[in-house]
Amino acid sequence: MSIITLGHGSGGKLTHNLIEDIFYKYFDNDILLQKNDSSILPKLEGKIAVTTDSFVINPIFFNGGDIGKLSVCGTVNDLAMSGAKPLYITVGFIIEEGFEIENLEKIVESISITAKNANVKIVAGDTKVVEKGSADKIYINTTGIGVIDKDIYLSGENAKPGDKIIISGSLGDHGVCIMSKRKNLEFDVSVKSDCNLLNELIEEILYTSNNVKVLRDPTRGGLATTLNEFASQSKRSISINEEDIPVKDEVRSMCEILGLDPLYIANEGKVVLIASKEDAQRVVEVMRKNPMGKDAQIIGEVLEDDKKIVSLKTDIGGTRLLSMPSGELLPRIC
């Protein structure tokens, strides 16, 4: 049988075969193979961090990744942004009847490889099959569990006037890559999604400085939305410099054609952070030694005033306000 049928979600023999032949084959580990209704985890030391996310991206395969890799990177990165060491992950699938088993196996293998690269174990899962037309191919939910093993508290409210804004690399790669593959927008562009794991880079950043105030991955809504969240939490304004913000020429060109702003485009392998002015340059130098942060830049700072606005100093000497987007620029981007 080459496609998923409703029988694969019935709990019977087909479900059993799917679990044994695909999920256990790639997700093999001692905790998952307890094969009970719930998996029992070892005792954890420290504060526990938990996050969950659902992934409905279209297309499910793209240059630089797939929905499986994205589902692990997204949840691992969310744990890392809290200063947690990611340890465990659960995976839930909603699959449309008629989905190719060959593609399911590719996605499951991608999840397995990415989880191993992140050094996390897949400890539980679930599969549901819905009638054809009730979903679009496949949706994945991942829940992550991590531990914060020292006194770390990262939040936008920690930001103070004079603190520096740092970005790990070029913006908009993921969003433009996905747009280029949409059936109604197909265009030839070499941009590769930045979908990737950031937990190793974050660990190095936090080891370098005790004065990192907040970390966040600028996914939906991009950098501009993330900075507005920081401004709201800190009750301070933020100013960034356009000339310091890394954006690839291909991304900038496609955004100009489509009337989009790369500062609002989703990223899946970047981190934006605020660090004290005393530690900022040292943090940047450490980030640049890691492939995930090789293009790190200081792009602005937290201001004294309490207007909670984000402004951009443009290349031509003007100033532009960056407000929160009022709607979804690109649906099903993650």
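What follows is a short exchange about labels and the values behind them.

Modeller: Keep in mind that this is a predicted model.

Biologist: Why is Gly 64 called buried?

Modeller: Buried means under 20% relative accessible area. Gly 64 has a relative accessible area of 17%, so Gly 64 is buried.

Biologist: Where does Gly 64 lie, and what is it in contact with, its neighbours within four places in sequence aside?

Modeller: Gly 64 is in the loop between strand S2 (61–62) and strand S3 (65–66). Leaving aside neighbours within four places in sequence, the contacts of Gly 64 are Lys 69, Lys 192, Ser 193 and Cys 195. Lys 235, by contrast, is 171 residues from Gly 64 in sequence and 37 Å from it in space, C-alpha to C-alpha.

Biologist: What makes Ser 237 count as buried?

Modeller: The relative accessibility of Ser 237 is 1%, and the cut-off is under 20%, so Ser 237 counts as buried. Ser 237 sits in the loop between helix H6 (222–234) and strand S9 (238–241).

Biologist: How do you know that the side chain of Ser 237 makes a polar contact with Lys 308?

Modeller: A polar atom of that side chain lies 3.4 Å from the backbone nitrogen of Lys 308. Neighbours within four places in sequence aside, Ser 237 is in contact with residues including Glu 301, Asp 305 and Ile 309.

Biologist: Why is Asn 29 said to be buried?

Modeller: Asn 29 has 12% relative accessibility, and buried means under 20%, so Asn 29 counts as buried. Asn 29 belongs to the loop between H1 and strand S1 (47–55). A polar atom of the Asn 29 side chain is 2.9 Å from the backbone nitrogen of Leu 32. Apart from neighbours within four places in sequence, Asn 29 is in contact with Lys 121 and Ile 122.

Biologist: At what angle do the axes of helix H1 and helix H3 cross, and why is H1 called roughly parallel to H3?

Modeller: The axes of H1 (residues 13–27) and H3 (residues 101–118) cross at roughly 25° and come within 8 Å. Angles under 35 degrees count as roughly parallel, so H1 is roughly parallel to H3. Among the residues making the contact are Leu 18, Ile 22 and Phe 23 of H1, and Leu 104, Val 108 and Ile 111 of H3. The crossing is right-handed.

Key: Residues numbered from 1 in each chain as written. Predicted model: local features only at pLDDT ≥ 70, side-chain atom pairs only at ≥ 80, totals over all residues. Heavy atoms only, no water. Helix = DSSP H or I, 4+ residues; strand = E, 2+ residues; numbered from the N terminus. Buried < 20%, exposed > 50% of the residue type's maximum accessible area, 1.4 Å probe, protein only. Contact = heavy atoms within 4.5 Å. Polar contact = N/O pair within 3.5 Å; in protein donor to acceptor, adjacent residues only side chain to side chain. Axes fitted to C-alpha atoms, helices over the stretch in contact; angles between N-to-C directions. Parallel < 35°, antiparallel > 145°, perpendicular 65-115°, else oblique. Left-handed = near helix turned anticlockwise from the far one by under 90°.
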